Amino acid sequence: VYRWADDAAGWDPIVNPWSIDPTGGPTGAKALKFDFFAPGLTGVLLKVGASNIDATSYVTDSFSPGANRLILAAVENTGTTDTPTLSGNGLTWVQVATVITGVDRRLTLFRAMKPSPSSGAVTIAFGGLTQTGCAWSFVEFDGVSTAGANGSGAVVQSGTNSAIDVTTLTVTLAAGFAAARNATYIAVGHSANEAATPEVGY
């Protein structure tokens with residue numbers, strides 16, 4: 001689930017839930033929440049996909065990131081809590097946050113930014129360790145700060161939360177989250193095939 005705002009229009013919800021349940025298991029949810037500087041922000045979903053095949057790595061379909069845009073990649077793996085690494089598109093993928101639910105699921109968020117990224121696929125690797133499934137979502141944002149390296153200047157803060165057998169999940173950000181020039185990105189993983197609904201006001 002991701003959403004953003006700009007200075008002129010205020011909050012404008014865009015909701016694209018994605019989930020994978022290749023192994024069953026207890027109902028759970030996990031979320032990563034991010035607040036980043038974004039004057040005149042626009043966002044585009046680049047690629048989304050999933051696999052329930054046992055593998056040590058997964059390859060996305062090809063996509064084309066834009067120049068100097070914040071690319072956020074959310075990856076959920078099942079079967080273990082191994083942390084993935086990403087490679088591809090001529091980008092350096094930096095882990096922003098990661099969270100575990102239960103004993104066999106992990107949701108991880110990466111950022112990247114470069115003046116001249118290349119078109120192509122991204123490889124999601126687990127260091128030779130077999131996973132039972134993986135889901136991924138790549139989205140890019142324009143109008144963000146290009147300071148720092150690999151999108152570091154565009155991500156101001158982050159938070160995580162996880163729970164099992166719940167119907168709601170909350171992630172708290174520091175003061176400044178509601179400022180008109182800030183925006184929010186949320187990645188949500190489920191262990192069941194169900195949609196996620198944002199709270200009122202988003």
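Biologist: How many aromatic pairs does a search of the whole structure find?

Modeller: The search finds five aromatic pairs. Rings of Phe, Tyr and Trp (its six-membered ring) pair if their centres lie within 6.5 Å; planes under 30 degrees apart are stacked, over 60 edge-to-face, and the rest tilted. One of the pairs is Tyr58 with Phe126, edge-to-face at 6.3 Å centre to centre and 85 degrees between the planes.

Biologist: Where do Tyr58 and Phe126 lie in the chain?

Modeller: Tyr58 is in strand β5 (residues 57–59), whereas Phe126 is in the loop between β10 (122–125) and β11 (133–142), 68 residues apart. Strands are DSSP runs (E, at least two residues), numbered from the N terminus.

Biologist: Is Phe126 buried or exposed?

Modeller: Phe126 is buried at 3% relative accessibility, and Tyr58 is buried at 4%. Buried means under 20% relative accessible area, with a 1.4 Å probe and protein chains only.

Biologist: What does Tyr58 form with Trp136?

Modeller: They form a tilted aromatic pair, 6.5 Å centre to centre with 40 degrees between the planes. Trp136 lies in strand β11 and Tyr58 in β5, so this pair ties together parts 78 residues apart in sequence.

Biologist: Changing topic, what is the mean pLDDT of the chain?

Modeller: The mean is 79, and 76% of the residues reach 70 or more; pLDDT is the predictor's confidence in each residue, from 0 to 100. The model is predicted, so local features need pLDDT of at least 70 and side-chain atom pairs 80 or more, while totals for chains, interfaces and linings use all residues. Residues are numbered from 1 along each chain as its sequence is written, and side-chain values use heavy atoms, without hydrogens and water.

Methods: Helices (H or I, at least four residues) and strands (E, at least two) are DSSP runs, numbered from the N terminus. Buried means under 20% relative accessible area, exposed over 50%, partly exposed in between (1.4 Å probe, protein chains only).
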